[in-house]
Structure formats: C-alpha cells, structure tokens
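Please look over the sequence and the model below before reading on. The report that follows takes up a pocket and then a pair of helices.

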Amino acid sequence: MQNSNDILVEVNDLKTYFPIRKGLLRKTVGQVRAVDGVSFKIPTGKTLGLVGESGCGKTTIGRTILKLIPHTHGSVKFEGQDIFSLSSSSVRKLRSQMQLIFQDPYGSLNPRMTVANIVGEALAVHGIARGKKRKQIVSELLEKVGLAQHHVSRYPHEFSGGQRQRIGIARALALNPRFIVCDEAVSALDVSIQSQIINLLEDLQSEFGLTYLFIAHDLAVVEHISDFVAVMYLGRIVEYADRQQLYSNPLHPYTKALISAIPQPDPARSSKRMILKGEVPSPANPPSGCPFHPRCPFAEERCSHETQSLDKRSEDTDHLAACWKCLEI
C-alpha cells in the first residue's frame, strides 16, 4: 500500500483463528476467524489508525503483531525481518523495540506495585538499569508524560484514570521502543482527558520518532492523530487511505456509515445519518462473498458469493476499497 522504502512494520495476509471446542474431549468443531487475511504497512515515524466496531479483530491484530497471540497464517516484518520466524531469544531482544499501551488504565497496572516498580520493571528485566540509575530514568520518564517526580512512590489507586494512562505510556517508553501499539488507549477516558493524552502521544512521537498502530472505534479521535487509516469489518480491512482522502471521500458503504455517525459540533453542518440494518455476523460463521453484504444498502447479487479484495479505483491514488460498486463509480 505504501511505496516508501522506509517501512518499519509490514503485515502480509495475516490470519488469526481461534478454535471452537465442544464436548468432554474438547473436540474442535469450528474456528473463530478473528483476523482473516489482513495486509498493511506502516512507515517509520507515522501513525496508522485501525478502526471498526467492537469485535472486528482490531485488538487481535495488535497483539498478534507483538506475538502475544499465536498467528494462524501470514507474516509480520519489523525492519524487514519476519518476527514469526525468530527464535525465542531473538524475540526477547525485539521486545524492547515493540511495546503496547493497554486500553484499561485500571486493570493494566499492578495494584501491589509502586509507580517506580511498574515503570522500571522492564529496565531491570532487560538488564538496562538498576538502583539509582533506574530511579533516575523512571523520574525522567514520568516528567516526559506529565507526572511529577514525587509520584514514584505512590500506588495506582492513588491516581485518576488519565494519570494511570500516563503511567502506562511511561512504562511503554521505558525501553526506548520504535513501535508502539496503542490499543484503545483513550477510549476509557473522559473526552477532555482524551485530548490531553492524544496531544501527549503526538508530542512523544515527534520527540522520539515513534511509529504507532493506533487502534480505536472513535473515528473522530483517529482523524486527529493518524496519517493513514484502515477500516476493519469482521476480521478484514475494507478500506485503506491516507487520513485526508478517507474522511473527505469515503468509498466503502461501511466507512460512510461510520463517518456519518461522528457527532458534528455545528448543527448547520450535520448530515443525514446512515443507519445500518441487522447485526454484525459472527466471525465463527461469516457470510459468503463480501462480509458486509447482509447489511449493505447497495449490495448486488454477486456480493453474496464473490469477494472483492482491496483495490484502487484509479492508478493515481493509494485509496483502496473492498467493494465492487464503489470501485466502479
């Protein structure tokens, strides 16, 4: 999707299936296709926003990329190196370059550990710093994320949700990574706090040259932080474009429905909401053909039995969509 040679993360035909087991013998009777053939690239220093409804496979992609969940098929390359083919010792070394910011700022922090231990744990595990040097690094990291030095001796329950997420960001930065998966990093926060955390992430990206995979279901937030946007539905990417193209000229009907749901602060600019009928199909039993066709208001006969891959409407654009009708217009 990107022609640039400076690609940090490249995902090719990634599939992650989970077995469905039943009976006393736990026999496998089916599979949940959480991620079903996803491909994308993220240039160094850029942000790819990954959006879609809950359950579409966004979080599974992020955790599969980091090898926290085993993949079923495909490859993930980091600086051209396939991480799925690496040995355990090589993956351990790579961990410092790829980090994760969790969605839940409450459940992701150990309530029995002080901030100093939470943020500094990785420094000790990887043998980077101990003792006074570790305390110094932790204090500097806390200042970077907008917390004070005296917070190091406190426990998670003494902080607000926004402050806890800042601690999580400091923990992710501790090993000086190049790539960070932000898994719904602001969805559990108040709107005013969301903007603060988004601005913090952008400042850190500018300062350290970070590359983000920003996972979210709020397209308004994604528009603010992302350079490129991929829209997911039922384990597949149905549209991919740079931010300006996607928001100014969405092609796929699903993307149009999501964008129409974004609240407009100016009533005069409000547009008609595109309401989707029906429910999201189960990834354990996805529909044939285009996965969106049972809910699509523009579905044709061939949509029910033929699958359209991501493709361009014209050669002079990188705006891709997986829809027969929108590519023909």
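## The lining of the largest pocket

In this predicted model, the elements that each supply at least two residues of the lining of the largest pocket are the helix α2 (88-94), the strand β6 (98-101) and the helix α3 (115-125). The largest share comes from α3, which gives 4 residues to this lining.

Altogether 20 residues line the largest pocket, and those that lie nearest its centre are Arg95, Met98, Gln99, His126 and Leu175. Sorted by class, the lining is made up of 13 nonpolar, 2 polar and 5 charged residues, and the space within the largest pocket comes to about 530 Å³.

## How α5 and α6 pack

Two packed helices are described by the angle between their axes together with the distance between those axes. For helix α5 (residues 161-173) and helix α6 (residues 191-208), the angle is about 15° and the axes lie 10 Å apart. Because angles under 35 degrees count as roughly parallel, α5 and α6 are therefore described as roughly parallel to each other. The crossing in which α5 passes α6 is right-handed.

## Residues where the two helices meet

On the side of α5, the residues that take part in the contact are Gly162, Arg166, Ile169 and Leu173, and they meet Ile193, Gln196, Ile197, Leu200, Leu201 and Leu204 in α6. Taken by class, this contact of α5 with α6 has 7 nonpolar residues, along with 2 polar and 1 charged.

Notes: Residues numbered from 1 in each chain as written. Predicted model: local features only at pLDDT ≥ 70, side-chain atom pairs only at ≥ 80, totals over all residues. Heavy atoms only, no water. Axes fitted to C-alpha atoms, helices over the stretch in contact; angles between N-to-C directions. Parallel < 35°, antiparallel > 145°, perpendicular 65-115°, else oblique. Left-handed = near helix turned anticlockwise from the far one by under 90°. Contact = heavy atoms within 4.5 Å. Nonpolar A, V, L, I, M, F, W, Y, C, P; charged D, E, K, R; others polar. 1 Å grid on protein atoms, 1.4 Å probe; cavity = no way out; pocket = protein on both sides within 12 Å on 5 of 7 lines; lining within 4 Å. Points joined across faces, edges and corners; volume = space filled by probe spheres on them.
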